[in-house]
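These are my notebook entries on a structure that I looked through piece by piece. I wrote down what I looked up and what I found each time.

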Amino acid sequence: MKLRDYIIRRLILLIPILLGVTLLTFTVSHIIPADVARVFAGGEKANPETIARIRAEMHLDDPLYKQYYYYLNDLIHGNLGKSYSENRPVTEAIKQYFPATAELTILAMLLAIPVGILTGIISAVRRNQWIDHITRLIAITGVSIPIFWLALMLQIAFAYKYPILPLDSRLGIDVMAPKHITGLYIFDSLVTGNFAALKSSIYHLILPAFTLGYASLGIILRITRSSMLEIVRSDYIRTARAKGLKERTVIYKHALRNALIPTVTVSGLIFAGLLGGAVLTETIFNWPGMGRFAVNAVNNLDFSSVMGFTVIMAIIMVTANLIVDILYSVLDPRIRLGE
Amino acid sequence: MGFIDEWKKRNESRIKETKFTLSLFRHSLLSMIGLGLIIFIVLIALFAPYLAKEHPTYVRLLNPEGKYVTEERWDIHFGDKLLPPSREHYFGTDDYGHDIFSMIVYGARLSIKIGLLVVISATIIGVILGAIAGYFGGYLDELIMRITDIFLSIPGLILAMAFAAALGRSIEHVMYALIIVWWPTYTRLIRGQILKTREETYVEAARSLGTPDSKIIFKHILPNTFAPVFVQMTMDLGNVVLNAAGLSFIGLGANPGTAEWGLMISMGRVYIFQAWWYVFFPGLAIVLFVLGFNLLGDGLRDVLDPKLRR
Amino acid sequence: MEDLLKVRGLKTYFYTYEGVVKALEGINLDIYKGESLGLVGETGCGKSVTALSIMRLIQWPPGKIIGGEIHFNGKDLLKISEEEMRKIRGAEISMIFQEPMSSLNPVFTIGSQIMEAITLHQNVNKKEAEEKAIEMLNLVRMPDPEKVMNQYPHELSGGMQQRAMIAMALSCRPSLLIADEPTTALDVTVQAQILDVVQRVNKELGSSMLLITHDLGVVAQICDRVAVMYAGYIVEIGTVKQIFKNPQHPYTKGLMNAIPKIHVKTKRLEVIRGVVPNLITPPSGCRFHPRCDHAMDVCKKKVPPVTKVEEEHYVACFLHEGAK
């Protein structure tokens with residue numbers, strides 16, 4: 001099957017999944033035992049009339065299926081409700097915080113993927129030698145250490161004991177944010193030639209991005225290592241050697257291309273971990289992203305923000321999964337032949 | 001004696017394989033370390049009352065929503081506030097004067113409880129739904145798979161956060177939330193394994209010999225399904241606790257005053273530069289706990305995977 | 001007949017968890033220019049190990065070539081550097097394998113895999129390599145070569161995959177082609193076609209072939225000489241006619257008898273009693289003695305020497321006169 005047809009098929013399948021996700025978030029927002037309207041109206045001392053008005057506004061007395069219809073309708077029009085903790089539309093808040101999370105996540109991936117794959121290969125090729133043991137140790141600690149604790153330890157080490165890196169935030173207090181083009185500080189400051197902002201944002205990104213990417217690095221390392229170990233024993237690798245190819249070509253061309261397939265398969269999972277991890281990382285580093293926003297919302301009982309955040313994260317995940325699937329079919333010609 | 005010798009002879013190759021498995025396991029340093037860590041933690045949890053210096057009391061209260069809840073209470077000694085590690089207090093004290101070592105030791109009990117409950121529940125759901133999907137196929141299979149797809153489309157921690165936030169702050173709700181996050185993984189795993197073994201030639205061979213379906217399921221399919229599920233369960237025991245700690249850290253799990261490792265880190269964060277031990281030791285406990293299960297699971301996987309054995 | 005490859009005293013062992021597998025215990029083999037030598041034996045006797053040893057493709061761990069000489073083109077292949085050996089692999093000595101589906105890389109097109117072999121050993125540009133690849137595909141009578149160039153291995157049938165492998169192996173005109181059970185995984189009708197292709201192309205290119213198989217029928221069809229292997233030793237070697245008409249070694253005789261003959265009426269199929277020995281603890285002396293009806297005392301104690309039966313026909317057995 002042609003690649004283009006495969007992509008179209010996957011895009012169509014996207015719709016029921018997104019619908020299902022909205023159904024799920026709708027369900028979650030309706031198991032909240034607290035009376036949402038009362039909370040919005042001001043809590044215990046709320047005016048009953050205000051509560052009634054809010055209830056009507058939010059259609060809380062309508063039958064469930066009608067409420068779901070309103071919900072879906074709102075979502076399609078980009079209305080995620082009102083943020084109680086920030087007193088503005090949820091959508092607006094998320095728009096503001098999105099670039100910070102994006103920049104952090106992208107940098108974490110840029111760290112985790114190349115380093116993970118490379119060390120995975122080396123680990124497999126030098127199986128059971130000392131470098132294998134070290135990389136396996138890194139990998140396993142990566143998935144065993146709680147991100148928030150790692151963040152705190154790194155803060156103690158590099159921002160307190162040996163203060164070479166900033167403690168938190170995206171920029172130093174004395175530095176102005178670069179002119180807003182994308183919201184990604186590194187990109188924006190490069191493009192506008194603002195080198196003070198560039199330097200400051202890079203410095204501030206180091207600890208959070210490392211913290212966030214460390215666990216993913218571990219996972220990628222392990223998957224790459226184990227699939228390389230398996231593939232290196234296959235028949236077609238034997239053929240490649242029999243052709244007289246240099247061992248380097250055998251590993252990095254013939255074996256790796258096949259080994260990347262399971263790695264790509266797992267990247268959906270890794271990305272989920274990154275998004276979840278971002279929530280914790282942003283909290284520790286006081287990073288002005290969606291994660292920190294969500295945690296604040298949780299602590300303030302701002303349910304519409306929490307739900308809005310969840311929906312957005314789900315949409316991002318679904319999109320990422322789609323990209324992963326397409327990438328997968330590019331890498332592995334066998335699966336293009338119908339599902 | 002004759003009976004035992006006969007049994008030994010008949011099962012000679014099975015015994016040999018088991019011995020080989022055990023020896024592979026024993027020779028895997030990492031698996032042994034993992035096993036050691038876990039035994040160590042379980043022992044600590046078991047003997048908590050004897051090891052700890054301070055002990056919590058459990059109080060039954062009526063909460064604002066009209067339900068009875070059990071809360072953990074520790075005695076307060078403000079005089080001993082924030083003391084560094086010493087012979088008196090191995091891990092120091094927190095801002096209420098509690099002995100951190102005691103809290104961590106009791107926290108082990110809580111973590112083990114959380115891990116076991118969530119993983120076993122998720123596995124049970126997974127076995128039921130996965131078996132239905134895998135064995136019967138058709139519409140039921142499609143439906144179950146689409147539902148798991150939907151659940152898996154939301155990042156785990158975030159979904160748990162949403163559920164836990166909606167349900168209200170408590171450890172029980174965190175456990176429910178984590179079960180909701182975890183069941184799709186087991187459903188898919190078990191379904192996948194059943195599908196795989198169903199197609200194997202030895203199942204076809206058994207069928208052609210006239211073996212009844214039930215015997216096929218129990219003798220051929222299930223034993224081969226078991227190994228990867230077991231590995232997954234082992235590793236998830238650690239992962240669940242990791243996530244539970246994360247949720248407690250955010251403020252969604254244990255109520256303040258409970259000795260839960262994640263919560264302790266969150267409380268200690270304020271004092272991070274003055275009293276590093278408050279944050280350090282609970283985190284270390286989490287690391288050892290999760291590391292133990294990950295190492296064990298990793299080792300088990302290497303040992304049980306027929307392809308990597310030789 | 002001129003010598004192309006001379007193997008003397010080849011010893012390959014495998015160091016495994018259960019013990020040391022003594023796979024090859026001193027193999028002696030000659031391959032002449034332009035001939036097809038068949039290497040037959042039961043599964044596990046060491047045929048493939050011999051082939052991989054010649055190519056120096058034995059992977060350590062757990063396998064290691066621990067002794068012997070392989071003379072080819074004036075060099076001892078076991079003494080040259082890995083870099084020199086790589087130049088020989090694929091260019092002067094090529095190998096094709098049993099399972100064509102798993103022996104081709106599933107993520108690359110047939111064309112790119114053949115061209116890779118060509119550009120590796122020959123100084124040509126991409127266009128020329130492409131032309132040469134198509135030429136090779138034509139040579140192995142691949143239907144619709146231009147289309148196949150852009151297809152992936154899983155899109156081809158077993159027979160076509162094997163043709164592609166042959167094209168790839170012969171693309172650099174090697175003087176020796178080692179074929180390790182090339183038809184075992186294929187249907188009988190396809191088998192005949194592939195054997196025909198291999199035989200014809202070898203004749204056209206003037207290359208020699210070492211054909212490894214457990215199927216005596218195949219040997220009879222296309223080989224000039226045949227060597228019989230048992231448990232890591234070559235027990236008999238000669239021309240196809242000599243081996244089939246005048247087998248000397250009890251094992252060879254057993255193999256010949258085991259072939260059902262369509263014109264003879266028998267009640268039961270002839271078998272060689274016993275089983276293939278465990279190569280970690282092989283039998284002492286002649287490794288065949290536990291299964292041999294004519295075993296003598298000396299067979300249990302000493303390894304039989306190789307003695308000449310007639311011109312080009314040698315056997316390793318104490319039963320033969322020259323051995324006493």
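Predicted model: local features only at pLDDT ≥ 70, side-chain atom pairs only at ≥ 80, totals over all residues.

**Entry 1: two helix pairs in chain B**

I looked up helix 11 (residues 261-268) of chain B and helix 12 (residues 276-304) of chain B, and found that they pack at an angle of about 160°, with their axes 8 Å apart. Helix 11 of chain B and helix 12 of chain B are therefore roughly antiparallel to each other. I recorded the crossing of these two helices as left-handed.

I then listed the residues that meet there: helix 11 of chain B brings Trp261(B), Met264(B), Ile265(B) and Gly268(B), while the residues from helix 12 of chain B include Tyr278(B), Val279(B) and Pro282(B). Sorted by class, this contact has 8 nonpolar residues, 2 polar ones and no charged ones.

For a second pair I took helix 3 (residues 29-46) of chain B and helix 5 (residues 100-136) of chain B, which pack at an angle of about 110°, again with an axis separation of 8 Å. That angle makes helix 3 of chain B roughly perpendicular to helix 5 of chain B. The crossing of helix 3 of chain B and helix 5 of chain B is left-handed.

Here Ile41(B), Val42(B), Ile44(B) and Ala45(B) in helix 3 of chain B meet Val105(B), Ala108(B), Arg109(B) and Ile112(B) in helix 5 of chain B. The residues of this contact divide into 7 nonpolar, no polar and 1 charged.

I went on to the strands, and reminded myself that the strands of a sheet pair through backbone hydrogen bonds, either parallel or antiparallel.

In chain C I found an open sheet of 4 strands in the order 2-1-4-5, with antiparallel pairing. Strand 2 (19-32) and strand 5 (75-76) of chain C are at its edges and have a single partner strand each, so one side of each is left without a neighbour in the sheet. I counted 2 bridges between strand 4 (residues 63-72) of chain C and strand 5 of chain C, which run antiparallel, and the bridge partner of His71(C) in strand 5 of chain C is Asp76(C). Helix 1 (residues 47-54) of chain C packs on this sheet and touches strand 1 (3-16), strand 2 and strand 4 of chain C, with its direction at about 70° to that of strand 2 of chain C.

Chain C also has an open sheet of 8 strands, in the order 6-7-8-3-9-10-12-11 and with mixed pairing. Its edge strands are strand 6 (93-96) and strand 11 (306-310) of chain C, each of which pairs on one side only. Neighbouring strands of this sheet are turned by 20° against each other on average, direction ignored.

Within chain C, strand 7 (residues 176-180) and strand 8 (residues 208-213) run parallel and are joined by 5 bridges. Leu176(C) stands opposite Ser208(C) in strand 8 of chain C.

**Entry 2: where chain A touches the other chains**

I first took the contact of chain A with chain B, which involves 39 residues from chain A and 40 residues from chain B. On the chain A side, the largest share, 9 residues, comes from helix 13 of chain A. The residues of that side divide into 31 nonpolar, 7 polar and 1 charged.

The contact of chain A with chain C takes 19 residues from chain A and 21 residues from chain C. Helix 10 (235-242) and helix 11 (247-284) of chain A are the elements that give two or more residues to the chain A side, and helix 10 of chain A gives the largest share, 7 residues. By class, I found 6 nonpolar, 5 polar and 8 charged residues on that side of chain A.

**Entry 3: one residue in chain A**

Is Glu282(A) buried or exposed? I located Glu282(A) in helix 11 of chain A. With 26 other C-beta atoms within 10 Å, Glu282(A) is buried, as the cut-off for a buried residue is 20 or more.

Leaving out residues up to four places away in sequence, Glu282(A) touches Thr101(A), Trp287(A), Gly289(A), Gly291(A) and Arg292(A). I also noted that Glu282(A) and Phe293(A) are 11 residues apart in sequence and 9.0 Å apart in space, C-alpha to C-alpha.

Terms used:
Residues numbered from 1 in each chain as written. Chains lettered and ligands numbered in written order. Contact = placed C-beta atoms within 7 Å. Nonpolar A, V, L, I, M, F, W, Y, C, P; charged D, E, K, R; others polar. Pairing = 2+ DSSP bridges. Axes fitted to C-alpha atoms, helices over the stretch in contact; angles between N-to-C directions. Parallel < 35°, antiparallel > 145°, perpendicular 65-115°, else oblique. Left-handed = near helix turned anticlockwise from the far one by under 90°. Buried ≥ 20, exposed ≤ 12 C-beta atoms within 10 Å, placed from the backbone.
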